Amino acid sequence: MSLLHPSYPAPRYFGEAGELTARFRPADAEPDFVSGPGPGGTAYHYLSTSTSTDGEYGLYRVEMGPEAGGPSTHFHKAMSEAFFVLSGSVRLFDGEQWVTARSGDHLYVPVGGLHAFRNDSAEPASMLMLFAPGTPREEYFEAITQLADLSDAERVEFCERHDSFFV
């Protein structure tokens, strides 16, 4: 019987003993950025950025306050995105329908896939967001709350620069 297996990528490390390059981040580390005041704000933990992974991926823990909302339907042309709910409930849109995702639920969005997310509940929620390949999402997270202050043309330029195309 023949089994097909995907092949591993070509090696990128050529040493014989490995390196001391792993990075640990404790769960109770302070968030790297908090948008919005009070309990409705969103805290972003930059777990692995495109800089720290050399562009391989970006991993972020997002803690949303009650009724924090979220972005409207959009897609990305250069990266995939995945969501993994840690706690609470998060509304996830898979391009066809909204589902209420709970702890342990996962949504994978390939490049070009329509998606959205939001916390509409009266309780806080947290999730992991994974982007591959890694992109500089930190600037996006930190500036997104200021979009209302931009002109339409500036808003479009900002979104396109950050590979976010809203429909």
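**Pockets, core and chain of a predicted model**

The second largest pocket holds about 350 Å³ of space, where a pocket is an open set of points on a 1 Å grid over the protein atoms alone, with protein on both sides within 12 Å along at least five of seven lines, tested with a 1.4 Å probe. A volume is the space filled by probe spheres set on the points, which are joined across faces, edges and corners. This second largest pocket is lined by 22 residues, and those closest to its centre are Y44, G70, P71, F117 and I144, a lining residue having an atom within 4 Å of a point. The model is a predicted one, in which local features need pLDDT of at least 70 and side-chain atom pairs pLDDT 80 or more, while totals for chains, interfaces and linings use all residues. Residues are numbered from 1 along each chain as its sequence is written, and side-chain values use heavy atoms, without hydrogens or water.

Which elements each supply at least two residues of the lining of the second largest pocket? They are strand 2 (42–48), strand 10 (125–132) and helix 1 (137–143), the elements being DSSP runs numbered from the N terminus (helices H or I, at least four residues; strands E, at least two). Helix 1 gives the largest share of this lining, with 3 residues.

The largest pocket holds about 410 Å³ of space. Its lining is made of 14 residues, and T21, R23, S52, T53 and E56 are the ones that lie nearest the centre of this largest pocket.

Taken along the principal axes, the C-alpha atoms fill a box of roughly 50 × 40 × 35 Å. Of the 167 residues of the chain, 37% count as buried, a word that stands for a relative accessible area under 20%, whereas exposed stands for over 50% and partly exposed for values in between (1.4 Å probe, protein chains only).

The largest nonpolar core has 25 residues, of which F83, V90, F117, M127, M129 and F141 touch the most other members; such a core is a set of buried Ala, Val, Leu, Ile, Met, Phe, Trp, Tyr and Cys residues joined through side-chain atoms within 4.5 Å. At least two residues of this core come from each of strand 2, strand 3 (58–64), strand 5 (80–87), strand 6 (89–93), strand 8 (106–109), strand 10, helix 1 and helix 2 (152–161). Strand 10 provides the largest share of this core, namely 4 residues. F117 belongs to this core and is also among the residues closest to the centre of the second largest pocket.

F141 deserves a separate look. This residue lies in helix 1, and F141 is buried, with a relative accessible area of 4%. The C-alpha atoms of F141 and S35 are separated by 8.2 Å, although the two residues are 106 residues apart along the chain. F141 is also part of one aromatic cluster, whose other members are F33, Y44, Y46, Y60, F131, Y140 and F158; Y44 from this cluster is also one of the residues closest to the centre of the second largest pocket.

The structure holds 11 aromatic pairs. In one of them, the ring centres of F93 and W98 are 5.3 Å apart and the planes stand at 35°, so the pair is tilted; rings of Phe, Tyr and Trp (its six-membered ring) pair if their centres lie within 6.5 Å, and planes under 30 degrees apart count as stacked, over 60 as edge-to-face and the rest as tilted. F93 is buried, with a relative accessible area of 12%, whereas W98 is partly exposed, at 33%.

A cis peptide bond, with omega of about -5°, joins A132 and P133, and P133 is placed in the loop between strand 10 and helix 1. Phi of D54, a residue other than glycine, takes a positive value near 55°. D54 is found in the loop between strand 2 and strand 3, and D54 is exposed, with a relative accessible area of 72%. E67 is not a glycine either, yet E67 has a positive phi of about 50°. The place of E67 is in the loop between strand 3 and strand 4 (74–75), where E67 is exposed, with a relative accessible area of 58%.
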